Amino acid sequence: MTNKLVISLLAILVIVLGFFGYVVSSNKSFTETKTFEREITKVETISETDDIDSIETDLNATDLDGLDQELTSIETELK
Amino acid sequence: MKLTKGLLFLSFTLITLVLTPQVLAKQEIRVKIEEKKTERLEKLSAIRRERIMSYSNKMIVRLESTVERLEKLITRIEKRDVSEIKTSLNEAKQKLTLVKSNVVTLKDSLSSMTTVEDPKAEFEKVRETLKGIQNDLKEVHSKLVKLVGDIKGLRVGENKND
């Protein structure tokens, strides 16, 4: 009787942990996608005017540093 | 007669004993090569391939959006009277055209990376192409910053509406 109870509890624990792991991994992927979309929207947001100060502002806001950030992830997948 | 037969048998046995291990060793090597080949192809599992494709797509979108942004900036600069800085502006435009063509090359390398026999070698190509693209984009950006500085400092390209 006690054995059955322990097995049932362990089974429930495994299911709960599995579900928790699934939720965490889905959430991580969702957050990554949202961050990426936000970054792309930022790159795409640009003024249309030919006023020199606003051209300069957009030029200064152009970030070229994170263009290779997916490279490390691809390298990790290839290992 | 018996002696000849005996000698023949002995020779045959000796030849068999000498050659058999060599043949077996060659077969073993062939099997190992085949195994390694299969192993290499299977190394990139479907899930990994999917993840690599997802990262690759993100990288391409990021690059294309940046190129588009710089193109828009060039168009806006061109709207002004830029006769005095036309040469520098054309240089920036040409560099950006080169970047666009390199992005296409990068896209091809990224998509073939999941199918080629040696993905790591293909990855090195990707790394090199991307490095070139980044340097060219930085060069275009610097040129534009300088051009805008020139427009402001030398008061060239004064817009009719200013």
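These questions and answers go through the predicted model of chains A and B.

Residues are numbered from 1 along each chain as its sequence is written, while chains are lettered from A and ligands numbered from 1 in the order in which they are written. Because the model is predicted, local features need pLDDT of at least 70 and side-chain atom pairs count only at pLDDT 80 or more, whereas totals for chains, interfaces and linings use all residues.

Q: What pattern does chain A follow along the sequence?
A: Helices (H or I, at least four residues) and strands (E, at least two) are DSSP runs, numbered from the N terminus. Chain A has three helices and zero strands. Read along the sequence, the pattern of chain A is α-α-α.

Q: Is Leu10(A) buried or exposed?
A: A residue is buried if 20 or more other C-beta atoms, placed from the backbone, lie within 10 Å of its own, exposed if 12 or fewer, and partly exposed in between. Leu10(A) lies in helix H1 (residues 2–44) of chain A. Because Leu10(A) has 10 C-beta neighbours inside 10 Å, it counts as exposed.

Q: Which residues of H3(A) are buried, and how wide is the arc that they cover?
A: The buried residues of H3(A) are Glu70(A), Ile74(A) and Glu77(A). The arc is that of the directions from the helix axis to the C-beta atoms. These residues lie on the same side of H3(A), because the arc they cover is only 55 degrees.

Q: Which exposed residues does the face of H3(A) turned away from its buried side carry?
A: Helix H3 of chain A spans residues 69–78 and includes Ile74(A). Ile74(A) counts as buried because it has 24 C-beta neighbours inside 10 Å. The face turned away from the buried side carries Thr72(A) and Thr76(A).

Q: Which residues does Ile74(A) touch, not counting residues up to four places away in sequence?
A: Two residues are in contact if their C-beta atoms, placed from the backbone, lie within 7 Å. With residues up to four places away in sequence left out, Ile74(A) touches Ile52(B), Tyr55(B), Ser56(B) and Phe123(B).

Q: Which element gives the largest share of the side of chain B that touches chain A?
A: In total, 34 residues of chain B are in contact with 22 residues of chain A. The elements of chain B that give two or more residues to this side are helix H2 (46–78) and helix H4 (119–154). The largest share, 17 residues, comes from H2(B).

Q: How many nonpolar, polar and charged residues does the side of chain B that touches chain A have?
A: Ala, Val, Leu, Ile, Met, Phe, Trp, Tyr, Cys and Pro count as nonpolar, Asp, Glu, Lys and Arg as charged, and the others, Gly among them, as polar. By these classes, the side of chain B that touches chain A has 15 nonpolar, six polar and 13 charged residues.

Q: How far apart are the end C-alpha atoms of H2(B)?
A: The expected span of a helix is 1.5 Å times one less than its number of residues. The 33 residues of H2(B) should therefore span 48 Å, and the end C-alpha atoms agree, at 48 Å.

Q: Which residues touch the most other members of the largest nonpolar core?
A: A nonpolar core is a set of buried Ala, Val, Leu, Ile, Met, Phe, Trp, Tyr and Cys residues joined through C-beta atoms within 7 Å. The largest one has 28 residues. Helix H2 (52–60) of chain A and H2, H3 and H4 of chain B each supply at least two of its residues. The members that touch the most others are Leu73(B) and Leu144(B).

Q: Which residues does Leu144(B) touch, not counting residues up to four places away in sequence?
A: Leu144(B) is one of the core residues that touch the most other members. Leaving out residues up to four places away, it touches Leu59(A), Leu73(B), Ile77(B) and Ala92(B).
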